[in-house]
Amino acid sequence: MTETAQDQVQDQDRDRVREQAGPQDGTAGRESEPRADCVLCGDPTEYPASTRGATLCPVCEWQEAQRTACSG
Ligand SMILES: [Zn+2]
């Protein structure tokens, strides 16, 4: 009787490990996506490499916004 009880506990642990390993596979693809370089300073931007036109990093984007606001 005690032997069957131990088998059940081992099966539950095996299922728990399988559930923890699942979600990690979903996030791995996003981080490996290549990023476009900033056209002004060359730093990586938030935009994917497939983005058309000039891509700016957050810093240069902010500076461009400030310059536009002052000259306007
Ligand atoms: Zn930049």
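## A hairpin and its neighbours

Let's start in a loop: Val39 sits between strands S1 and S2. This is a predicted model, in which local features need pLDDT of at least 70 and side-chain atom pairs count only at pLDDT 80 or more, while totals for chains, interfaces and linings use all residues. Residues are numbered from 1 along each chain as its sequence is written.

First, the overall plan. The protein has three helices and two strands, and from the N terminus on they run in the order α-α-β-β-α. Helices (H or I, at least four residues) and strands (E, at least two) are DSSP runs, numbered from the N terminus.

Now to the hairpin itself. Strand S1 (residues 35–37) and strand S2 (residues 44–48) pair in the antiparallel sense over two bridges; two strands pair if DSSP finds at least two bridges between them. Asp37 stands opposite Pro44 in S2. Six residues lie between the two strands of the hairpin, and Gly42 in the turn has a positive phi of about 85 degrees.

Over in strand S2 we find Glu46, which is exposed because 12 other C-beta atoms lie within 10 Å. Of the 72 residues of the protein, 6% count as buried.

Which residues does Val39 touch? Leaving aside neighbours within four places in sequence, Val39 is in contact with Ala54, Thr55 and Leu56. Two residues are in contact if their C-beta atoms, placed from the backbone, lie within 7 Å.

Cys60 belongs to helix H3 (residues 58–71). Cys60 counts as partly exposed because it has 18 C-beta neighbours inside 10 Å. Not counting residues up to four places away in sequence, Cys60 touches Cys38, Leu40 and Cys41.

The table lists some C-alpha to C-alpha separations.

| Pair | Apart in sequence | C-alpha separation |
|---|---|---|
| Cys60 and Cys38 | 22 residues | 8.0 Å |
| Val39 and Cys60 | 21 residues | 9.1 Å |
| Glu46 and Arg35 | 11 residues | 6.7 Å |

Finally, a look at contacts across the chain: among those between residues at least 6 apart in sequence, 0% join residues at least 24 apart.

Terms used
Buried ≥ 20, exposed ≤ 12 C-beta atoms within 10 Å, placed from the backbone.
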